[in-house]
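Visitor: Walk me through this chain, please. I want the criterion behind every label.

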Amino acid sequence: MVASKKGTRKMKSTGDLGGFTIIEVVLVLAIAGLIFLMVFITFPTLQRSQRDTTRRTDLGRMSGFISNYQTNNNGRLPSDGHKDAVKDADEVALADEWQCSRQNPEPATCFIRNYIVSSDATKNTFTDPDGWAYGLDISTLTDDEFQLYADDFEDRVIYVIKKATCDDEKAIKSNNARDYVIMYRLEGAGTYCASNG
């Protein structure tokens with residue numbers, strides 16, 4: 001007759017329970033922390049890059065506005081002038097209408113009003129991705145070169161420089177009266193400079 005082992009139970013050791021050791025948990029948390037850290041470091045850079053891409057698109061639109069102006073004005077470029085960023089659209093629309101109806105209108109204001117602002121003149125639809133309205137500075141290059149610096153980004157001014165061509169991130173003098181560059185200081189990637197030729 002064989003004896004039965006009914007009453008005996010074998011205990012499992014603690015290593016056989018199937019849970020995680022503290023080292024495994026710490027390792028998983030460290031890896032997760034590194035992933036979150038990389039996301040938080042790269043996310044602002046990606047956002048800046050996306051806003052700068054939108055700005056480049058806007059500057060391409062500016063080139064289209066200037067081309068329309070040239071088509072309507074026998075190839076001439078807009079007159080030199082400066083227009084600060086729009087603060088209150090309704091107030092500026094009234095001021096712009098007054099300035100553009102006078103005998104000697106303010107050139108940058110009229111260019112913005114007639115070629116850039118939407119058909120509803122009370123709304124400035126040409127704005128920086130941060131929500132600031134672009135300013136506009138139209139000028140003729142008198143020195144040999146023109147360059148933007150890092151603090152020029154804060155002004156949100158688009159520079160249209162006549163009688164110039166691009167040389168990397170600066171404008172250099174050109175002898176052709178129809179040459180111009182569009183320059184803007186980007187948020188994270190230097191200066192955008194595009195020539196019309």
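What follows is a short exchange about labels and the values behind them.

Guide: This is a predicted model, where local features need pLDDT of at least 70, side-chain atom pairs count only at pLDDT 80 or more, and totals for chains, interfaces and linings use all residues. Residues are numbered from 1 along each chain as its sequence is written, and side-chain values use heavy atoms, with hydrogens and water left out.

Visitor: How many helices and strands does the chain have?

Guide: The chain has 3 helices and 8 strands. Helices (H or I, at least four residues) and strands (E, at least two) are DSSP runs, numbered from the N terminus. In order, the elements read α-β-α-α-β-β-β-β-β-β-β.

Visitor: What span does helix α1 reach, and what is expected?

Guide: Helix α1 covers residues 22-72, 51 residues in total. The expected span is 1.5 Å times one less than the number of residues. From first C-alpha to last, α1 reaches 75 Å, close to the expected 75 Å.

Visitor: Where in α1 does a kink lie?

Guide: At Thr42, shortly before the proline Pro44. The bend is the angle between axes fitted to the seven residues ending at a residue and the seven starting there. At Thr42 that gives about 25°. After α1 comes Asn74, with a positive phi near 50°.

Visitor: Why is Arg55 called buried?

Guide: Buried means under 20% relative accessible area, exposed over 50%, and partly exposed in between (1.4 Å probe, protein chains only). Arg55 has a value of 0%, so Arg55 is buried. Asp52 is at 2%, so Asp52 counts as buried too. Other buried residues of α1 include Leu59, Phe65 and Tyr69. Across the 197 residues of the chain, 32% count as buried.

Visitor: What makes Asp52 and Arg55 a salt bridge?

Guide: The term requires a side-chain nitrogen of Lys or Arg within 4 Å of a carboxyl oxygen of Asp or Glu. The closest N and O atoms of Asp52 and Arg55 are 2.8 Å apart, and the pair forms a salt bridge. Both lie in α1, 3 residues apart, about one turn of the helix. An α-helix has 3.6 residues a turn, so residues three or four places apart point the same way.

Visitor: Which parts of the chain does the Arg51 and Glu187 pair tie together?

Guide: Their side chains meet in a salt bridge at 2.7 Å, N to O. Arg51 lies in α1 and Glu187 in the loop between β7 (180-185) and β8 (191-195), so the pair ties together parts 136 residues apart in sequence. Glu187 has 26% relative accessible area, so Glu187 is partly exposed.

Visitor: Which residues does the salt-bridge network join?

Guide: Shared partners join Arg51, Asp52, Arg55, Asp128, Asp130, Arg156 and Glu187 into one network. The structure holds 11 salt bridges.

Visitor: What makes a nonpolar patch, and which residues form the one here?

Guide: Patches take residues with over 30% relative accessible area and no salt bridge; like charges are joined within 9 Å, nonpolar side chains (Val, Leu, Ile, Met, Phe, Trp, Tyr) within 5 Å. Here Leu27, Ile31, Ile35, Met38, Val39 and Phe43 make a patch of about 590 Å². Ile31 lies in α1. Its relative accessible area is 46%, so Ile31 is partly exposed.

Note on methods: Areas by Shrake-Rupley, 256 points an atom, 1.4 Å probe, with all protein chains shown as cover.
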